[in-house]
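Me: I'd like to learn how to read a structure like this one. Could you walk me through it, starting with how helices cross?

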Amino acid sequence: MSVLVFAENWEGKFKKPAQEALTYGYELAQKTGGPLCAVVIGHNIQGDEINKLGAYGCPKVLSAIAPAFASFSANIYATVIADAAKKENATHIVFSHTYTGKSVAPRVAVKLQAGLAAGAVSLPSSPEPFIVRKKCFSGKGFTDVQISSPVKIVSLSPNSHHVFAAGEHKAADFKIEEFNPALPASDTTVNEVKKTSGKVVLTEAEIVVSGGRGLKGPENWGMVEALADALGAATACSKPVADMGWRPHHEHVGQTGITIAPNLYIAIGISGAIQHLAGVSSSKVMVAINTDKEAPFFQAADYGIIGDAFDVVPKLTEAIKQLKSAH
Ligand SMILES: Cc1cc2nc3c(=O)[nH]c(=O)nc-3n(C[C@H](O)[C@H](O)[C@H](O)COP(=O)(O)OP(=O)(O)OC[C@H]3O[C@@H](n4cnc5c(N)ncnc54)[C@H](O)[C@@H]3O)c2cc1C
């Protein structure tokens, strides 16, 4: 039994989703007793960066680096990963359940006739039967799914698994192998890439500060961003806020938006409709700030502040800055 991890990079850097997937892959390999290998795909990943994967217990990396990977194609990525799986006789393949993972993992599953647990949050308790827990109903519930196909694929929900400290399980013998499979023609064309540089990526964020219609207008978002900056957090919003064009749609969380699971979610001027909570209720701690003490969010929140956001948020930001400067 052999475990293959797709270590996703963002502009040549391996961030938290890759570290989580590698930690999961290492622990899965311990359970199955098989070797562990990672595959990386990109056009600008430096060898030093790939070496870092060894610090997460991965002894071998198949490195597919080529200009062809400068723009993302799910079809091409799936071909590379499926070929890597065949080369390594992989019985288990681990993805991050990110935008990339969501589009590539099902294609690999089709190519390898493999069962897929998308959005998994646990390791299997045993190699056979292979049963993992995954989220369902927009994160409102969990289901235990059994994969019975010879090749098993898991895409790991972001922030659902711990990450080794770099070096905690350093691989003794680490090697990078160039990997150049034959590529199909791309079936997609990337016309435009919009980058949100300098900001914390919402799905990876440990802390998220989110605003709703209670903020009255886009001109008031400065205080949401100031609180997010003080905390090193990403910003998010409710659906109507994105629909009205106050914030970009990629910040909209909820049933019809992004599902997130940060350690801390701060909801400012958000009523707590069920469709909103569907996307955020996996947060470890939720704080609601709302003028209406009957707002449904207070039922779901761990902490609540009944008050005017325009009064509370600047004070909170100031207090956090002072706390941080004192340490
Ligand atoms: C099929 C479907 C899918 C949907 N999907 C989503 C989704 O994915 N995500 C989502 O968010 N919604 C979704 N919705 C919409 C959802 O039902 C709610 O309408 C929406 O979440 C409400 O947004 P809100 O809380 O920002 O606004 P409101 O419901 O208008 O609430 C604003 C809140 O701000 C408070 N407030 C007002 N002034 C202040 C102040 N000065 N300080 C502090 N608090 C203040 C108010 O008391 C109120 O609780 C969906 C709806 C449907 C039907």
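Reply: Helices (H or I, at least four residues) and strands (E, at least two) are DSSP runs, numbered from the N terminus. Here, helix 5 and helix 9 cross in the left-handed sense. Keep in mind that this is a predicted model, where local features need pLDDT of at least 70, side-chain atom pairs count only at pLDDT 80 or more, and totals for chains, interfaces and linings use all residues. Residues are numbered from 1 along each chain as its sequence is written.

Me: At what angle do helix 5 and helix 9 pack?

Reply: Two packed helices are described by the angle between their axes and the distance between the axes. Axes are lines fitted to C-alpha atoms, for helices over the stretch in contact, and angles run from 0 to 180 degrees between N-to-C directions. For helix 5 and helix 9 the angle is about 20°, and the axes are 9 Å apart. Angles under 35 degrees count as roughly parallel, over 145 as roughly antiparallel, 65 to 115 as roughly perpendicular and the rest as oblique. Helix 5 and helix 9 are therefore roughly parallel to each other.

Me: Which residues make the contact of helix 5 and helix 9?

Reply: Two residues are in contact if their C-beta atoms, placed from the backbone, lie within 7 Å. Helix 5 brings M223, A226, L227, A230 and L231, while helix 9 brings V313, P314, L316, T317, I320 and K321. To sort them, Ala, Val, Leu, Ile, Met, Phe, Trp, Tyr, Cys and Pro count as nonpolar, Asp, Glu, Lys and Arg as charged, and the others, Gly among them, as polar. That gives 9 nonpolar, 1 polar and 1 charged for this contact.

Me: How do helix 3 and helix 4 cross, left-handed or right-handed?

Reply: Right-handed. The axes of helix 3 (residues 74-87) and helix 4 (residues 99-112) come within 8 Å and cross at roughly 50°. These two helices are therefore oblique to each other. Among the contact residues are Y77 and I81 of helix 3, along with V104 and R107 of helix 4.

Me: What order do the strands of the open sheet have?

Reply: Two strands pair if DSSP finds at least two bridges between them. The open sheet has 5 strands in the order 13-12-14-15-16, with parallel pairing. Strand 13 (234-237) and strand 16 (303-306) are at the edges with a single partner strand each, so one side of each has no neighbour in the sheet. On average, neighbouring strands are turned by 15° against each other, direction ignored. Helix 5 (residues 222-231) packs on the sheet, touching strand 12 (207-211), strand 13 and strand 14 (264-268). Helix 9 (residues 309-325) also packs on the sheet, where it touches strand 14, strand 15 and strand 16.

Me: How many residues surround the ligand?

Reply: A residue is near a molecule if its C-beta atom, placed from the backbone, lies within 6 Å of it. Here 26 residues surround the ligand, and the closest are G212, G214, S238, K239 and G254. By class, this shell has 8 nonpolar, 14 polar and 4 charged residues.

Me: Where is P129?

Reply: In the loop between strand 7 (115-120) and strand 8 (130-136). A cis peptide bond joins E128 and P129, with omega about -5°.

Methods
A crossing is left-handed if the near helix is turned anticlockwise from the far one by less than a right angle, and right-handed if clockwise.
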